[in-house]
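Let's take a walk through a protein model together. Keep the sequence and the 3D view side by side as you read.

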Amino acid sequence: MVRAAAACELNIAGVTAFSTVDWPDMMTATVFLQGCPWNCFYCHNPALIDPRAEGATTWAEVMDLLCDRLGLLDGVVFSGGEPTLQRALVPAMDLVHRLGFKVGLHTAGAYPGLLAQALPHVDWVGLDIKALPQDYGFVAGRPHSGENAWRSLELVLGNQVLRAATDRPLDLEVRTTVHPAAIDDEGLHDLGCRLADAGVDCWAVQRFRDTGARSPLPRVEAGDPARLRLDRLPTDRFASLVVR
Ligand code: SF4
């Protein structure tokens, strides 16, 4: 029998005590968890990829910080890395919820099965969909990454439908980082149409920024992100489409 993990076992790379950018329209603390199975060439935080790297803070310190901010924050976002990599994620989410905070999750959907276990404990998901399934290998550098990400999208959308009329609905923002080496305007239009066809209402297109990224970027000639004109987005297919 597999021993249940405890929140104190989380490997935490860092925490932001106050953020207005990690969950739209919410004031949050954001907890960055160590480790990711993928190796996206444009990763904005490659130091968080190695799951064996030692964390920089403890769960006890995070809880102290949250207790100091009761009534001041709306929620807590678990980010990464890939948060679903860690079995202690769900117990940590439950503790956060019991303190009275809403729970947000940033995920790239690398582990659909683990994401399915986490979803009932989450109020909002920021899900990265980086490309069409067949183009994932180039972006994420790992086989089966596209299948897993798009399976995760199906799971989140299904969970959103199931919870729509409950007292704990699930909100979703699908996010796509655009880099000209990975996608062009036409490809981005096609991706948007596929997301809308799948049932996504809220899409955020995020221009690649080199802050935190490896320099030079591995495997690709770094193109100029400004080259993307982003003027062919299927805006009318979404209730909300933001470009950041
Ligand atoms: S999924 Fe996110 S954290 Fe993991 S390598 Fe890609 S950009 Fe970095």
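In which loop is aspartate 25 found? Look between strand E1 (12–19) and strand E2 (28–33): aspartate 25 is in the loop that links them. Bear in mind that this is a predicted model. Aspartate 25 has 6 C-beta neighbours inside 10 Å, so it counts as exposed. Its phi is near 65°, a positive value in a residue other than glycine. Most residues other than glycine have a negative phi.

Histidine 144 also has a phi near 65°. You will find histidine 144 in the loop between helix H4 (136–140) and helix H5 (145–163). With 13 other C-beta atoms within 10 Å, histidine 144 is partly exposed.

Now step back to the whole chain. The protein has six helices and eight strands, and along the sequence they follow the pattern β-β-α-β-α-β-α-β-α-α-β-α-β-β. A compact globule of 244 residues would have a radius of gyration near 18 Å, and the protein agrees because its own value is 18 Å. Its C-alpha trace spans about 45 × 45 × 40 Å along the principal axes. Of the 244 residues, 35% count as buried.

Finally, turn to the ligand. The residues surrounding the ligand include Cys36, Trp38, Asn39, Gly80, Gly81 and Glu82. By class, this shell holds eight nonpolar, three polar and one charged residues. Glycine 81 sits in the loop between strand E3 (75–79) and helix H2 (89–98). The peptide bond from glycine 80 to glycine 81 is cis, with omega near 10°. Most peptide bonds are trans.

Key. Residues are numbered from 1 along each chain as its sequence is written. This is a predicted model: local features need pLDDT of at least 70, side-chain atom pairs count only at pLDDT 80 or more; totals for chains, interfaces and linings use all residues. A residue is near a molecule or strand if its C-beta atom, placed from the backbone, lies within 6 Å of it. Ala, Val, Leu, Ile, Met, Phe, Trp, Tyr, Cys and Pro count as nonpolar, Asp, Glu, Lys and Arg as charged, and the others, Gly among them, as polar. Helices (H or I, at least four residues) and strands (E, at least two) are DSSP runs, numbered from the N terminus. The radius of gyration is taken over C-alpha atoms; the globule rule is 2.2 Å times the number of residues to the power 0.38. A residue is buried if 20 or more other C-beta atoms lie within 10 Å of its own, exposed if 12 or fewer, and partly exposed in between; C-beta atoms are placed from the backbone.
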